[in-house]
Amino acid sequence: MRQDSDLIGSMEIPDDLYYGIHTMRALPVGDVSSVKLNHYPEIIKTMAKIKKACAKANEQIHALDAKAAAAIVQAAEEMEQGKFNDQIFVDMYNGGGAIAINMVVNEIIANRANEILTGHKGYDKVHPNTHVNMCQSTNDVVPSAMKIVSYEAAKGLISAVKELEKALEKKAAEFKGKIKLGRTCLNDALPMTFEQ
């Protein structure tokens, strides 16, 4: 067990967990549905990419030490690969403006970054708020991740809709000039052609 603390007090966290006290406090009060964040690995992957980009940017402007930045980047890359998905089971619909979603990602990256730098979990060298979440807002990170995931998913949808459009155009040509009755409110309506 390791000791973790916040402004409320201290708590023992099992050694095998990469998340910390904020996530431990959020789990029982934020469990409002059966939909957990790890049901959406693309959101986790995208949040990790955002954390990695922020660490690189903060290092570039000398706000973050190079060793800490490198460890955060490595931890975020491991998260991108799905290494910690089994530990990211905060509720997707938790209250508080998605703070639990942002904090579980921050805590896992911070604990893994510390493990890389010191050989053990904890916040000796990298803190979830001070270093991983540096200059970020939950209200920027989480909506940005969701928008990026939606954008990427839309690419596949657009491709599928284009295929559907081609198939419908083919059927319209095949049935060109064939008359049928239109339907409205379960009644016959004006005649129309199949291609219409």
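H62 counts as exposed, at 73% relative accessibility. Exposed here is over 50% relative accessible area, buried is under 20%, and partly exposed lies in between, with a 1.4 Å probe and protein chains only as cover. H62 sits in the loop between α2 (41-60) and α3. Its phi is near 65°, a positive value in a residue other than glycine.

Before I go on, the ground rules. This is a predicted model, where local features need pLDDT of at least 70 and side-chain atom pairs count only at pLDDT 80 or more, while totals for chains, interfaces and linings use all residues. Residues are numbered from 1 along each chain as its sequence is written, and side-chain values use heavy atoms, with hydrogens and water left out. Helices (H or I, at least four residues) and strands (E, at least two) are DSSP runs, numbered from the N terminus.

Back to the loops. C135 also has a positive phi in a residue other than glycine, near 60°. This cysteine is found in the loop between α5 (128-132) and α6. C135 counts as exposed because its relative accessibility is 73%.

Next, a loop residue with a patch around it. Y93 lies in the loop between α3 (66-80) and α4 (99-118). Y93 is exposed, its relative accessible area being 53%. Together with V32 and Y40, Y93 makes a nonpolar surface patch of about 340 Å². For patches, residues must have over 30% relative accessible area and no salt bridge; like charges are joined within 9 Å, and nonpolar side chains (Val, Leu, Ile, Met, Phe, Trp, Tyr) within 5 Å. The areas come from the Shrake-Rupley method with a 1.4 Å probe, and for residues only the protein chains shown count as cover.

R2 and V32 are 30 residues apart in sequence, and their C-alpha atoms are 28 Å apart in space. R2 is found in strand β1. Is this arginine buried or exposed? R2 is buried, with a relative accessible area of 11%. Leaving aside neighbours within four places in sequence, R2 is in contact with residues including M11, E12, I13, Y18, Y19, N111 and K121. Contact means heavy atoms within 4.5 Å.

Strand β1 comes up again at helix α1 (residues 21-29). The buried residues of α1 are I21, T23 and A26. What covers them includes β1 (2-5), β2 (10-13) and α4.

That brings me to α4 and its packing. How do the axes of α4 and helix α6 (residues 138-174) cross? They come within 9 Å and cross at roughly 90°. So α4 is roughly perpendicular to α6. On the α4 side the contact is made by I99, I101 and N102, and on the α6 side by T138, V141 and V142. The axes are lines fitted to C-alpha atoms, for helices over the stretch in contact, with angles from 0 to 180 degrees between N-to-C directions. Under 35 degrees counts as roughly parallel, over 145 as roughly antiparallel, 65 to 115 as roughly perpendicular, and the rest as oblique.

Salt bridges next. How many does the structure hold? There are 12 salt bridges, each one a side-chain nitrogen of Lys or Arg within 4 Å of a carboxyl oxygen of Asp or Glu.

E78 forms a salt bridge with R112, with 2.6 Å between the closest N and O atoms. E78 lies in helix α3 and R112 in helix α4, so the pair ties together parts that are 34 residues apart in sequence. Both E78 and R112 are buried.

R112 also meets E115 in a salt bridge, at 2.9 Å from N to O. R112 and E115 are separated by about one helical turn because they are three residues apart in helix α4. As a reminder, an α-helix has 3.6 residues a turn, so residues three or four places apart point the same way. R112 and E115 are both buried.

E152 is partly exposed at 44% relative accessibility, and K155 is partly exposed at 43%. Salt bridges that share partners join E78, K83, R112, E115 and K121 into one network.

Last, K170, also in helix α6. K170 is exposed, with a relative accessible area of 62%. K170 and D65 are 105 residues apart along the chain, and their C-alpha atoms are separated by 60 Å.
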